[in-house]
Amino acid sequence: MTSGEVQVTQRQWWAWAVAVLVVAVAAAPLVHMWLTNPDDQRLVDLDVYRTGGQMLLDGRPVYDYFTPAPQLLPFTYPPIAAMLAVALAKMSWETAQWVWTAGIFAALGVTVWFAFRQVFRPELRKYAPWLVALLMVACTYLMPIRDQVRFGQVDILLVALCLADVAAKRPWWPRGFLIGLATAVKLTPGVFLIYLLITKQWRTFFMATFTAAVLTLLPFGVIPRDATDFWFSALLDPERLGANAATTNQSIRGMLIRLYMDETLTFVIWAAIVAAVGWYGFRGAREAYKANDSITAVALVGLMAVLLSPVAWIHHLAWVVVVLAAIVGDGRDPVRLRVAAGVWLFYVVPVPWWGVSLKAADIPVVSLVFGKIVQNGFGLGALVLVWLLASWVPKRREIV
């Protein structure tokens, strides 16, 4: 290595260190806001994970217990998640909060690195630390990512696992393992098994399926009572997840429930829309795969995980980070950049809560129609994003 190359490498190391500092400073107000809240109002989902792990340590049934008042949240994840959460339960509450928060930003960094890789083309590679820092700061303030920090959620980690499994050029792990792990921990990443199947990525599909199956069956041998409780009881009760009609549920089913129609009619309409959106979305993902655009494919499948799920809270839309990267592409198309900026802004502001305020207004048309539409803004926006990625982005690729 020449002296010039050594100097460049050293400068890169300094640049990366400064980039990390920039992200930390920019994220500090957000982290401070939530970590200084009272104990019972911060990182409440992390408390759920730790409670699940603590139940195993104490030998008590995982799915019969709730977090302390006033939250009273049940453990809703598969039993393998409770087994993994034992490590969190062994930490003090303060340590677990900092470790988990750092993990959220580490996962966001991995997601940004893989998702926006096309932007880091040769002529811009020397600016990679600054670009990553800029993108991480921008993504940190997306509402679904802010909620990751607020609630101590696991979604961005699952995004990073699935994205890395698909996008890594030479993974050091068996490709498919990370998707299988994510699926075993929180079921919804199982949509990637459909993607692998329809794109005929057989080796990856079998590895992901095998990993998910092993991690699903393992608890039956280690904690059989809890495994049985989850698969034959807790899983069948969607209300365990929270009020399905709440504004935070931005899935197709959540939007339909808020119309307060007959329950049977709601189910029929939901099934029909899910079939149509699923067909369109997975077809778009398959076409993106054929076009060698894995990021767009991952973004579409991630949106399927949100829209097709019976319950999808706003923080489940952490996939919007990958969506933004898919729209940006290699960063050369100014039209795509402007559209990405618009999507970013839309998911930064609390659109659904504006809808709640409009519904409370004493103006009939505004309250009953416009307010309802705005309340469902993130879910309806996700449907538009499916169209953008499946139909609009391929056309922009051809133009440019």
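Student: In which helix is glycine 355 found?

Tutor: In this predicted model, glycine 355 belongs to helix H18.

Student: Is glycine 355 buried or exposed?

Tutor: A residue counts as buried when its relative accessible area is under 20%. Glycine 355 has a relative accessibility of 0%, and therefore counts as buried.

Student: Which residues is glycine 355 in contact with, leaving aside its neighbours within four places in sequence?

Tutor: With those neighbours set aside, glycine 355 is in contact with Gly371, Val374 and Gln375. As for threonine 248, it lies 107 residues from glycine 355 along the chain, and their C-alpha atoms are separated by 12 Å.

Student: How does one read the faces of a helix?

Tutor: The general idea is that an α-helix has 3.6 residues a turn, so residues three or four places apart point the same way. In H18, which spans residues 351–360, the buried residues are Val351, Pro352 and Gly355. Viewed down the axis of H18, these buried residues fall within an arc of 100 degrees, so they line one face of the helix.

Student: Which exposed residues does the face of H18 turned away from its buried side carry?

Tutor: That face carries Ser357 and Ala360, both exposed.

Student: How is the packing of two helices described?

Tutor: One gives the angle between the two axes and the distance between the axes. Take helix H16 (residues 320–328) and helix H17 (residues 334–346): their axes come within 8 Å and cross at roughly 160 degrees. Angles over 145 degrees count as roughly antiparallel, and H16 and H17 are therefore roughly antiparallel to each other. Their crossing is right-handed.

Student: Which residues of H16 and H17 make the contact?

Tutor: H16 contributes Val320, Leu324, Ala326, Ile327 and Val328, while H17 contributes Arg336, Leu337, Val339, Ala340, Val343 and Trp344. By class, the contact of H16 with H17 has ten nonpolar residues, one charged and no polar.

Student: At what angle do helix H5 and helix H6 pack?

Tutor: Helix H5 (residues 93–115) and helix H6 (residues 128–140) pack at about 120 degrees, and their axes are 10 Å apart. H5 and H6 are therefore oblique to each other, and H5 passes H6 in a right-handed crossing. From H5, the contact involves Phe105, Leu108, Gly109, Val112 and Trp113; from H6, Val132, Leu135, Met136, Cys139 and Thr140. The residues of this contact comprise eight nonpolar, two polar and no charged.

Note on methods. Residues are numbered from 1 along each chain as its sequence is written. This is a predicted model: local features need pLDDT of at least 70, side-chain atom pairs count only at pLDDT 80 or more; totals for chains, interfaces and linings use all residues. Side-chain values use heavy atoms; hydrogens and water are left out. Axes are lines fitted to C-alpha atoms, for helices over the stretch in contact, and angles run from 0 to 180 degrees between N-to-C directions. Helices (H or I, at least four residues) and strands (E, at least two) are DSSP runs, numbered from the N terminus. Angles under 35 degrees count as roughly parallel, over 145 as roughly antiparallel, 65 to 115 as roughly perpendicular and the rest as oblique. A crossing is left-handed if the near helix is turned anticlockwise from the far one by less than a right angle, and right-handed if clockwise. Contact means heavy atoms within 4.5 Å. Ala, Val, Leu, Ile, Met, Phe, Trp, Tyr, Cys and Pro count as nonpolar, Asp, Glu, Lys and Arg as charged, and the others, Gly among them, as polar. Buried means under 20% relative accessible area, exposed over 50%, partly exposed in between (1.4 Å probe, protein chains only). The arc is that of the directions from the helix axis to the C-beta atoms.
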